[in-house]
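Student: I would like to learn how to read a helix and a sheet in a model. Can we work through an example?

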Amino acid sequence: MSRPGTFALKKWVRSPAWMVAFIVGAGITLVALVANAWLGSLDPGNAWGITYGSAAAFFMLAAALYGVRRRLLAVRVGASQKWLLFHVYGGALFMLLVFAHTEFRLPSGGLNLWLWWLSLIVTVSGFIGIFLQRWIPRTLNSALETEVVYERIPELVKEISGRAEELAENCPPAVREHYLNQVRPNIQRPQRRLGYFFDITGGVRGRARDVAVLSRVLSRDDREKLDELERLYRTKLEMDAQYSLQTALRTWLFAHVPVSIALVVVVALHVYVVIKY
Amino acid sequence: MDKKGTFSDMRLGVGKDYIFPARRSKMIIAGVIVVAVVLAAYVFDTKVFDIGFTSPGAVSSNHAIFESKCELCHDPFASVTNSVTNNKCAVCHENSLSELGIYSFAGHYLYRSGDPARVEKALAEYGSREKPCAHCHEEHQGRNARISVIGDHECAACHEHDAFVGAHPEFEFVRSSIPDDSTMKFTHVHHTKLVVQRNEKLGRDASLEGACQYCHRPEADGQHFAPIEFDAHCGECHLAGADATKKFAVKDPGDPTKVGVETLAMLIAARKPGTLWALNTNPNEFKMIGPKISKKPIYHEDPWIVENLRMIRRHLYPDQGLSDLLKTSVEDFAGTGELYAEAIRTLQSYSEGLRGRPEPEVQTDLETIDSLIVAVRNAAAAGTLDRAAFATGPMAATVSDEMKSDLFDLADKLAQACLVCHYVEDGMIRRVRADQRVFTRGEFDHRAHLVQTGCLDCHTGIPITTAMTQQEALSQAIDGSFIQNVPGIDNCTQCHAPRKADDSCATCHFMHPNKSGQNEELVRSSGR
Amino acid sequence: MKNAMKDTDQLKLDQYRDRWSSLGEMSGLVALSEQPSVAKLKEIDLFDDYDNKMLEKLSPDISLATWEPGTVLFEEGAYIDVAFYVVKGSVDIYLQGRRSPSAAAAPIFDQNRTMMIQTADLDLEKKPAPKPEKKKPTPQNTIFLSTMDFNLPAEDAVRLGSGDVFGEIGAMSGWPQSATAKTVTKCLLVQIRLPALRKMRQKSKAFKNKVDAIYRERSLLPQLRVTPLLTGCDDAFIESLAGKVDLVSCDPDQVIGAEGEPCDGLYIVRSGFVKLTQKVGEGELVVSYLPKGGTLGAAELLLEAGGSWIYTAASMENSELIRISESDLRDLMAKYPAARSRLWQAAVDLVKEAGGSRRDVSQSEFLESALEKGLLQGNSILVIDLDVCTRCDDCVRGCAQTHGGTPRFLREGDKYKGFLITRACNHCNDPVCLVGCPTGAIRRAAVGEVVEIVPDLCIGCRTCARNCPYDSIVMNDTGMKWPDSAAVPEAKRGTPQVLATKCDLCYTDPAGPACVRSCPQGCAVRVGGVDEFRKVVARET
């Protein structure tokens, strides 16, 4: 296993075999481009250009089918992991082919410009998604004890907050004071905070230090109650961290999926227009 | 030690949203919204800004008003490779469809060659290479694109020569060695000297260039030079109008054996087509000196002299019918159609001279002339045109040998004034073949070149250069006549080369006829 | 009222029949009793020790069946939860691999092959061609055959007759049968399902002794013969040993020997797992475990006479052990020095491992976790690598879509070093959930180690869900209601039908478990056994 802190390719590249296949595909495209420039002219409308465009459309469609695959998990069409790998690498190849098709220039014309921007947004958001999908699980796993299902968080937090209330009722005034001031405002609802992206522990240890003072002046029983309260609080904060990061994992799709749906439609429109005119 | 992951040990229910998350439907709805935005942009562009949304690029400014009306140019689903069919172009660009139309492919073969037979042959052999207009004239390249400018690679699809320097053949007139023969007694060297001297004397531009341009005067478009005409270019020195003819015996209508010229009165009385010009002639130019007649002044192409020569010719060559209509001799190279073109020109010049005359006889005769013109054209179209056609009147009776020699003698005397410059054969002044367009398939613009270089820098045939001083130039030893003075391709490639002046095909050649409309003339003259 | 009673009886009979329904279409079955009455049962001497009340409780799980001669009851490798008692007739027991294959007809119990074959061979619609393969279900390095019921010479069969019991060890342990049973003559058999079997063992010492005696007679000798410790010992010695050993049955968490107390013999684990712990500091560390075939007490007895236990040994779940007394052991070591050195080796190995665990607390922790979380017991545990998991829940969704919309597990469970051990069924070696099911709805699926619940038989009693130590069984509201009929208890009629569901490893799908297939990141794996799990954790694979 690699030492923490070192950059390991293995962590970022899930499947070297697929990466190699992608590089081969990209290589073929680039060689074709060079041949194209040498033998003819770079033009989206000539035989070369239409080949790039058709290949791009094919990869886009095949990649888009991944979205359908995720809805039909019971159907036996191959492991979901292979589909995702094809989606990612096929999508990257798709963008390269789009560039080849547009001669590495911003296309002119309303529809074509929309198409180009939609493609770019889809691809870039996809790369962002890949990054998030590599980085967030590791971050979540690195320093949190709690592992919780996203949809459960509201009800679990409600339970924690209920237990904390109950506990605080039976606590001596000092602890109750501490609970009301420090803990209660933050324990009642799940909170998303950007800070968790930069520090997954969310400064919990700092907060715990605040409590250290208090524990010195309490009796043993009360100290146990305080510990329990802090445990509840810490768990809740960890859930917040989970909540924040898992929200990101879910929301980035809103940048990717709707645009890709539009992309499929606009590509179909583009193909229709090209054939018609 | 033992990390219990979940907080609670109780199995809490997880709702359907866990298995079928609502966000999935939300994303699809969001996708539909984005599609709606794109469609809204479509509608907005088309209706409000009148831009073609699906257009892959702005059309050139010529077609800009049609930008959002795709189907004015595009025929939907017409073909996999091209939906802009020629009949769409023909709606505005007339004659792009008709065979031999200006923009038609067949027209391309006819262009310059003027030979319809060439069209058929070429269509049979190369017809498959035919491409629609839109193939070369690609639109959607932006507002400022000039779609009439075509790249060399399109020409090279059919024509072998793909570069100017090194791959272009020598010019045809150089290759085929058209005889350096203007059919006139004229030398450039001699005349250049004289014109220079004269210009100097008269205070005009006394440079060599000025001498060239004294005769070779650019037309308004600057591309070509005005045809050399006697009155404009030669008349200042030659035939100033003071000369008179010799005294000639007059023809006796009662005595056919007597050799003599026809007087003005005789010509007016005769009123044959071709002599009606005589009505305009000033009788005071003729002087009777005893029984002989003389005329003063003599004009260039003096009609009285020409008519008398024609009269003599009729005696000498009774079967030369068509030449009856000619002013000068014409060597009719096969298929060039110069013979009938010259006949037409003669007849037209007669009718022009007579229009406006009130006499009814003149009108009748004009009709005759016009009908002759039509007859000649029809004969040309039908292919029945020959020298024997179109006798304009009863031929003279056969003459005796003695009379023949007298007639030849008379002809020589009549043509004496002409002999200074012209050659006379068989009683006909030999037609001058000066000032011909040497490029049959290419265009050359003199003005563009004259601003950068001098005449003699390219036309190096004359052994005088602009570098010489006048003294040196005039003292050059000169011998021989030198008419043909057009440089070969080597001269052009000095400047028109890669990374220098434009060396693309379209610089000199055109797929479709140029503004000079030479093709139009050929089309008309082919009778179609 | 009378009608209702009649209906209730009828439906009870139907339920009874359901339990034996798999026998319905078989040829070879001459007669299958209706639910035997107490009187009928009392006729059979097997049930002498039980009072009427007990017999009432037992009767739903007992049937009397008459079989044609030549019927193959079960084949090697079959998972069955039925024990057989021969009342009349004779039954041949043999190893199919050594017998001529023409003898193999389609077996009665468990239509399907029980090996881990490709499901393409598995035609669930009709009886497939039999394809015998011997399965050796062991963890570690022992070569015990799990239930070698019979002392089978190489070529021959053993013929059982009236009063003989067979199949009970397979039924109790859940391990596949290791021999084929075929009727020779027309037979009358008492067929006892597992719930009844366990009750009988508990309630009747006589029955337990009978079963143990059978084991001693049939199984123990061959098992002892192949025990590594006794390799090379002559037959006579082993035979005499077989007569003298004790058979020890342990309940879950029962302590076999406590640290510091005198050691009372050498134990060999026959089935189940034994946990070994030691006092370290203030607490108790798990230092090792013993699977089937492991020996306990070697070090203690070798080091000094009357030594005391070095470890505290406790049974993990139900386990069976053989105890060899100290004197017998001294005999053995005196006669066979090879055995002595082997024993020393085993002792040293154990001490090394234990020492390792004491030094490296994480190893101990791992062992303890593994033991507690079922990694040792489980054959197929769903482990999710949290470093890779994007929490998309497609694994759950895939399970749900494959099983009609409700998932069989949630992506929750214990975390171990960044891996989530989900509460999808582990398909234990010794499934506790099988115990106590009144209808037999929960059973081995007869393909490998898969444990499944048949929804048609389930009545929603929650026994299995409560038994499962890993919370893997989910009570699922089917959306229907219990019909308003006499067979259904009045309190339940019209209430929502909530049935037990659990992971079935998608065993009917050749593509494999849906959870693994559906994971887009490829981080869900099904791990069988501790070593595999170790590898996964170390990310060696």
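Tutor: We take a helix, then a sheet, in this predicted model.

Student: How far apart are the end C-alpha atoms of helix α2 of chain B, and what span should its 28 residues have?

Tutor: Count 1.5 Å a residue, and α2(B), residues 22-49, should span 40 Å. The end C-alpha atoms are 39 Å apart, which agrees.

Student: Which residues of α2(B) are buried?

Tutor: Start with the general idea. An α-helix has 3.6 residues a turn, so residues three or four places apart point the same way. Here the buried residues are Arg23(B), Arg24(B), Met27(B), Gly31(B), Val35(B), Val38(B), Ala41(B) and Asp45(B).

Student: What do the buried residues of α2(B) pack against?

Tutor: Helices of two other chains: α3 (47-71), α5 (110-143) and α10 (220-276) of chain A, plus α12 (394-402) of chain C.

Student: What follows α2(B)?

Tutor: Asp50(B), with a positive phi near 55 degrees.

Student: Now the sheet. In what order do the 4 strands of chain C lie?

Tutor: In general, strands of a sheet pair through backbone hydrogen bonds, either parallel or antiparallel. In chain C the order is β19-β20-β18-β25, an open sheet with antiparallel pairing. β19 (413-416) and β25 (524-527) each have a single partner strand, so one side of each lacks a neighbour in the sheet. The twist averages 30 degrees from one strand to the next.

Student: How many bridges join β18 and β25 of chain C?

Tutor: The antiparallel pairing of β18(C), residues 381-385, with β25(C) runs over 4 bridges. Ile384(C) has Ala524(C) of β25(C) as its bridge partner.

Student: Which helix packs on the sheet?

Tutor: α15(C), residues 530-537, touches β18, β19, β20 (419-422) and β25 of chain C. The direction of α15(C) makes about 150 degrees with that of β25(C).

Technical notes:
Residues numbered from 1 in each chain as written. Chains lettered and ligands numbered in written order. Predicted model: local features only at pLDDT ≥ 70, side-chain atom pairs only at ≥ 80, totals over all residues. Heavy atoms only, no water. Expected span 1.5 Å × (residues − 1). Buried < 20%, exposed > 50% of the residue type's maximum accessible area, 1.4 Å probe, protein only. Contact = heavy atoms within 4.5 Å. Pairing = 2+ DSSP bridges. Axes fitted to C-alpha atoms, helices over the stretch in contact; angles between N-to-C directions.
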